[in-house]
Amino acid sequence: MFLCSCSPESEPGFFAIATWNMAEFFDGRDDGTEFPEWSGKSGWNQDKFNERIEKSVMYILSNLADADLLVLEEIESEEVLVAMLEKGLKKSGYLYYGLAQTESGMLSVAFLSRVKPKEVALYSVPSSRPMLSLKMNVNGEDIHIVAVHLRSRLEEKNDGIRREELELIASIAGRETLPLVVLGDFNSDPTIHTSEMAGDRWGNNGEAIILLTGDGRMAEEGVLDSPYLEYASPLEGGTYFYEGRWEKLDNVLLSSHFFDGESIEFRETRIVKGSGSADYSGKPIKYSPKSGSGMSDHFALLSYFSV
């Protein structure tokens, strides 16, 4: 689904992508498929939805406005995206959007973009959320972006599904010839869940499904670079805090094309902790449908590229 209009191409010399799990972003309708705390009986309504939209748009414009492409996780419907566009993001140049809608009612992966995608498709395995595949032209170079939200670790029944999702990503990485970005909420930390995705500077990755490195120049033959593993200046901390520890569940994985000194080049990834998104100790504050406080239980990632 798209909102199409005349749009400038990405700014010469600069391109940025953000990914943010917005945490249970339900629209204002009570369809009967919402989590209990988001139902009309619990007090969630259109007015509260509008307030959350306005708050989220202000946060994005204050903290993520550099991004030419916003990848968002846990979006219920197209209504959420359209509302954010109408409340200010369209004026900031975000004219294209899409949602990998699920039939099962699972919260979906979505995107808002200043750059018109050349091609949009879906990848999926049974019982999973569809992944969004976007082909874009960035100042004359085509790149492939895959946006994901893998199944949660909180239920053991999801482990087999998540493994299939990881195997699908590994397969895409192994055959893709375009510069490849895979980003989103993987529900897998490459420094903890090393049987799923792992690696180091030298590409030592054991028996992980997704093979990673901390040196992008070595990201060949299906091996992808992760900012958390960079040998010179690894991304510290995490995007999600659970049971007393930081976890690096949100990630931006890159193919070797972004490190070869030709055309588009990776520069850096930042963890974004904007005003109102963290408590006094620096942990993310999940949005509360009752009080309207907080933003999300995940921090966003913002990646920069030179072109």
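Two strands were taken as paired if DSSP finds at least two bridges between them. Helices (H or I, at least four residues) and strands (E, at least two) are DSSP runs, numbered from the N terminus. The model is predicted: local features need pLDDT of at least 70, side-chain atom pairs count only at pLDDT 80 or more, and totals for chains, interfaces and linings use all residues. Residues are numbered from 1 along each chain as its sequence is written, and side-chain values use heavy atoms, with hydrogens and water left out.

Strand β1 (residues 15-25) pairs with β16 (residues 300-306) in the antiparallel sense, over five bridges. F15 has F305 of β16 as its bridge partner. Both strands belong to an open, mixed sheet of six, ordered β3-β4-β2-β1-β16-β15. β3 (96-99) and β15 (265-272) each have a single partner strand, so one side of each lacks a neighbour in the sheet. The twist averages 15° from one strand to the next (axes are lines fitted to C-alpha atoms, for helices over the stretch in contact; angles run from 0 to 180 degrees between N-to-C directions).

Helix α1 (residues 46-63) packs on the sheet. It touches β1, β2 (69-75), β15 and β16, contact meaning heavy atoms within 4.5 Å. Its direction makes about 155° with that of β1. Helix α2 (residues 78-89) lies across β1, β2, β3 and β4 (108-113), at about 160° to β3.

The largest nonpolar core has 36 residues. Such a core is a set of buried Ala, Val, Leu, Ile, Met, Phe, Trp, Tyr and Cys residues joined through side-chain atoms within 4.5 Å; buried means under 20% relative accessible area (1.4 Å probe, protein chains only). Helix α2 gives the most to this core, with six residues.

Key
Buried < 20%, exposed > 50% of the residue type's maximum accessible area, 1.4 Å probe, protein only.
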